Amino acid sequence: VVMNSVMFSVFGAVKAAVPDSPAGSLAAGLISGFATACISTPTDFVKIQAQLHGARTLAVLRQVCRRHPCLLYQGHTANLAREGLFTMVYLGLYDRAAGLGTRRSGADGDGGTSLGYAAAVSSATGAAAWVVTYPFDTMKTLMQRGGTETRASFARAFAEVAGRGVGGAYRGC
């Protein structure tokens with residue numbers, strides 16, 4: 001809920017401040033994704049550590065905050081790429097495509113987008129966003145899996161994913 005609130009709020013604020021153009025929609029999506037990453041990086045780190053170690057989420061959060069609070073942002077570079085590109089593609093393209101589907105309806109001419117069109121555009125832009133960003137999600141997970149024992153770099157995660165080939169970039173998809 002919090003991440004979506006940030007994503008849509010930042011997208012709307014940036015969109016209002018930039019020209020109404022495809023580039024403006026994409027920029028608003030990118031910046032919105034960067035803001036979202038500031039929340040999703042630590043939550044993903046805690047979730048991954050809890051899953052790997054069979055621990056409760058709050059216990060992991062307490063331990064990390066006591067010992068190595070900066071580790072909450074381990075994998076942030078890859079997550080900035082993931083969230084920024086995902087939201088740029090998803091919201092940026094959706095915003096432009098949904099505008100194409102706006103049609104006049106009713107006697108007073110109020111614009112609207114049909115539910116079917118909105119669902120189709122949302123599905124298509126969401127799928128495109130995941131295809132583009134899934135390799136960054138894989139890299140983020142590789143960077144975060146080490147927990148407090150290792151500080152994984154973006155370059156090392158990139159090399160590991162690249163060494164696996166295209167299938168490795170989409171592992172678990």
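Me: Before we start, what does "buried" mean here?
Reply: Buried means under 20% relative accessible area. Over 50% is exposed, and partly exposed is in between. Keep in mind that this is a predicted model.

Me: Ok. Is Leu 91 buried or exposed, then?
Reply: Leu 91 has 5% relative accessibility, so it counts as buried. Its place is in helix α4.

Me: What does Leu 91 touch, skipping residues up to four places away in sequence?
Reply: Leu 91 touches Met 7, Phe 8, Phe 11 and Ser 32.

Me: How many residues apart along the chain are Leu 91 and Ser 32?
Reply: They are 59 residues apart along the chain. Their C-alpha atoms are separated by 9.1 Å.

Me: Let's zoom out. How many helices and strands does the chain have?
Reply: There are six helices and two strands. Starting at the N terminus, the order is α-α-α-α-β-β-α-α.

Me: And how much of the chain is buried?
Reply: The chain has 173 residues, and 38% of them count as buried.

Me: What about contacts between residues at least 6 apart in sequence? How many join residues at least 24 apart?
Reply: That share is 70%.

Me: Which residues make up the largest nonpolar core?
Reply: Ten residues do: Ala 78, Ala 81, Phe 136, Met 139, Leu 142, Met 143, Ala 152, Ala 157, Val 161 and Ala 169. The elements giving two or more residues to this core are α4, α5 and α6. Helix α5 gives the most, with four residues.

Me: What is in contact with Met 143, leaving aside neighbours within four places in sequence?
Reply: Met 143 is in contact with Gln 74, Gly 75, Ala 78, Ala 152, Ser 153, Phe 154 and Ala 157.

Me: And Ala 152, with the neighbours within four places left aside again?
Reply: Ala 152 is in contact with Gln 74, Leu 142 and Met 143.

Me: How far apart are Met 143 and His 76 in space?
Reply: They are 8.9 Å apart, C-alpha to C-alpha. In sequence they are 67 residues apart.

Me: Why does His 76 count as buried?
Reply: Its relative accessible area is 18%, and buried means under 20%. His 76 lies in helix α4. Not counting residues up to four places away in sequence, His 76 touches Ala 37, Cys 38 and Thr 41.

Me: New topic. How many aromatic pairs are there?
Reply: The whole structure has four aromatic pairs. One of them joins Phe 86 and Trp 130. That pair is tilted, with 55° between the planes and 5.3 Å centre to centre.

Me: Where in the chain are Phe 86 and Trp 130?
Reply: Phe 86 is in helix α4 and Trp 130 is in helix α5. They are 44 residues apart, so the pair links distant parts of the chain.

Me: Are those two buried or exposed?
Reply: Phe 86 has 15% relative accessibility, so it counts as buried. Trp 130 has 39%, so it counts as partly exposed.

Me: Which residues do ring pairs link into a cluster?
Reply: The cluster holds Phe 86, Tyr 90, Trp 130, Tyr 134 and Tyr 170.

Me: Which residues line the largest pocket?
Reply: The lining is Asp 44, Lys 47, Ile 48, Gln 51, Leu 52, Arg 82, Asp 137, Lys 140, Thr 141 and Arg 145. By class, that makes six charged, two polar and two nonpolar residues.

Me: Take Asp 137. Is it buried or exposed?
Reply: Asp 137 is buried, because its relative accessible area is 14%. Asp 137 belongs to helix α5. Leaving aside neighbours within four places in sequence, Asp 137 is in contact with Arg 82 and Trp 130.

Technical notes: Residues are numbered from 1 along each chain as its sequence is written. This is a predicted model: local features need pLDDT of at least 70, side-chain atom pairs count only at pLDDT 80 or more; totals for chains, interfaces and linings use all residues. Side-chain values use heavy atoms; hydrogens and water are left out. Buried means under 20% relative accessible area, exposed over 50%, partly exposed in between (1.4 Å probe, protein chains only). Contact means heavy atoms within 4.5 Å. Rings of Phe, Tyr and Trp (its six-membered ring) pair if their centres lie within 6.5 Å; planes under 30 degrees apart count as stacked, over 60 as edge-to-face and the rest as tilted. On a 1 Å grid over the protein atoms alone, a cavity is a set of points where a 1.4 Å probe fits but cannot get out, and a pocket is an open set with protein on both sides within 12 Å along at least five of seven lines; lining residues have an atom within 4 Å of a point. Ala, Val, Leu, Ile, Met, Phe, Trp, Tyr, Cys and Pro count as nonpolar, Asp, Glu, Lys and Arg as charged, and the others, Gly among them, as polar. A nonpolar core is a set of buried Ala, Val, Leu, Ile, Met, Phe, Trp, Tyr and Cys residues joined through side-chain atoms within 4.5 Å.
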